[in-house]
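Colleague: Hi! Could you walk me through this one, a bit at a time?
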Amino acid sequence: MSNQPDIIVLFSGGLDSILAAKVLERQGLTVRCIHFITPFFGSAKAVPYWRKVYGLDIVSRDVGEDFAEMLRQRPEHGFGKVMNPCVDCKILLLRKARLYMESVGAKGLATGEVLGQRPMSQRRDTLHLIMRDAGVSGILLRPLCATHLPVTQMEESGLVDRARLLSFSGRGRRDQLDLAAELGITEIPTPGGGCRLTEKENARRYWTVLTLLPEAGDKDFTLANLGRQFWHHEGDNHYWLCIGRNSADNDKLAAAMQPDDMLLRLRDLAGPMALARCGADWPRHVLESAAAHAASYAPKAVAAGGPVAVRVRQGQAEGDAAFEMDVTPQRLGEAWGEALWDDVKAVIRAEAKDRLAMSLHGKHKPAPEDAE
């Protein structure tokens with residue numbers, strides 16, 4: 001890690017954040033990048049690679065639980081086209097970045113945002129709103145579009161030379177690519193935000209977790225990223241089953257296990273592992289149904305043509321409390337299903353309308369009209 005930084009750059013791993021850091025380094029500033037991690041975006045494993053390829057000082061911080069809390073409370077500024085709370089996300093990350101900035105004695109923050117690049121979070125009015133609500137007015141610099149925006153304290157003090165900042169705007173990428181070539185950056189990240197909340201397939205999983213678990217946390221949303229996802233409903237009770245697609249999924253499911261979860265696996269045959277979230281509290285008939293459904297994804301179990309033994313274990317170690325049950329592998333689609341995106345979208349939109357109606361009575365701010 002380098003000496004005390006002058007400025008902290010929010011670093012996603014995308015081209016804009018790389019360029020923002022390099023533009024500031026070009027002015028002789030000591031730059032430190034901070035990469036935030038949640039179940040929806042970020043990768044601690046990628047940080048060493050980015051350090052090597054781009055020659056940047058990068059640290060990572062996990063803010064998954066804070067992000068989960070924001071989702072539980074519902075984002076004040078609403079969701080985008082899918083389940084992406086882009087405005088509230090940026091506010092949360094900037095608040096965390098400011099705390100880090102203060103802890104290391106840096107003088108300001110910077111992001112790779114470009115005016116007009118994203119319709120929800122990078123309009124001029126929204127850029128100002130984010131800065132205000134995050135408590136970073138005057139200390140947040142956006143180097144790639146700075147000349148379109150008010151002067152910051154860093155420019156007023158002479159720490160940053162405004163004349164050497166840029167005037168990018170709009171959704172085009174030509175300016176960024178030209179700057180990357182000028183800076184000698186040859187490895188260009190794939191365009192896109194990399195946020196799973198913008199993807200319908202993921203959002204339908206997350207929304208189910210968010211609305212059916214009493215206190216959905218970061219570990220729950222991480223689990224929602226793994227394997228096949230199924231839910232069973234009996235009255236007011238909801239049962240969540242995750243089934244691995246391959247050996248990598250199986251390992252991740254085992255690692256994601258919590259104290260009240262149950263792991264289900266065929267005793268004598270190869271096949272997927274299944275995780276029953278809070279399965280220690282499930283009725284026996286639900287566990288048997290889950291085991292039969294999971295076994296149906298094992299070709300050798302289906303080929304057996306009759307009951308197979310499934311080992312059910314609470315705890316990660318093989319020696320932990322376990323029992324066995326015999327089930328007939330069968331695809332129980334009526335009992336174990338997934339929410340469809342169109343159904344989830346309808347509920348999200350209905351909630352948004354309710355929030356908007358409440359805002360008209362002065363209780364909450366309305367969601368933005370434009371969505372990313």
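**Chat about the model**

Modeller: Happy to. Setting aside neighbours within four places in sequence, glycine 116 is in contact (heavy atoms within 4.5 Å) with Gln122, Gly170 and Arg171. This is a predicted model, where local features need pLDDT of at least 70, side-chain atom pairs count only at pLDDT 80 or more, and totals for chains, interfaces and linings use all residues. Residues are numbered from 1 along each chain as its sequence is written, and side-chain values use heavy atoms, with hydrogens and water left out.

Colleague: Where does glycine 116 lie?

Modeller: Glycine 116 lies in the loop between β4 (108-110) and α5. Helices here are DSSP runs of H or I with at least four residues, strands are runs of E with at least two, and both are numbered from the N terminus.

Colleague: New topic. Which residues of helix α5 are buried?

Modeller: In helix α5 (residues 124-134) they are Thr126, Leu127, Ile130, Met131, Asp133 and Ala134. Their cover includes α4 and β5 (140-141). Just after α5, glycine 135 takes a positive phi of about 75 degrees.

Colleague: Which residue other than glycine has a positive phi near 60 degrees?

Modeller: That's cysteine 278, found in the loop between β9 (274-277) and α11 (284-295). Cysteine 278 is partly exposed, its relative accessible area being 37%. Arginine 74, also not a glycine, has a positive phi of about 75 degrees, and its place is in the loop between α3 and α4. For background, most residues other than glycine have a negative phi.

Colleague: At what angle do α3 and α4 pack?

Modeller: Helix α3 (residues 64-73) and helix α4 (residues 86-104) pack at about 145 degrees, with axes 11 Å apart. The axes are lines fitted to C-alpha atoms over the stretch in contact, and angles run from 0 to 180 degrees between N-to-C directions.

Colleague: Which residues make that contact?

Modeller: Asp66, Phe67 and Met70 come from α3, while α4 brings Asp88, Cys89, Leu92 and Lys96.

Colleague: What about aromatic pairs, how many are there?

Modeller: The count comes to 11 aromatic pairs. Rings of Phe, Tyr and Trp (its six-membered ring) pair if their centres lie within 6.5 Å; planes under 30 degrees apart count as stacked, over 60 as edge-to-face and the rest as tilted. One of them joins phenylalanine 79 and tryptophan 207, with centres 6.2 Å apart and planes at 80 degrees, so the pair is edge-to-face. Phenylalanine 79 is in the loop between α3 and α4 and tryptophan 207 in helix α8 (residues 200-212), so this pair ties together parts that are 128 residues apart in sequence.

Colleague: Are those two buried or exposed?

Modeller: Phenylalanine 79 counts as buried at 8% relative accessibility, and tryptophan 207 is buried with a relative accessible area of 4%.

Colleague: Last one: which residues form an aromatic cluster?

Modeller: Phe40, Phe41, Phe67, Tyr206 and Phe221 form one.

Definitions and conventions: Buried means under 20% relative accessible area, exposed over 50%, partly exposed in between (1.4 Å probe, protein chains only).
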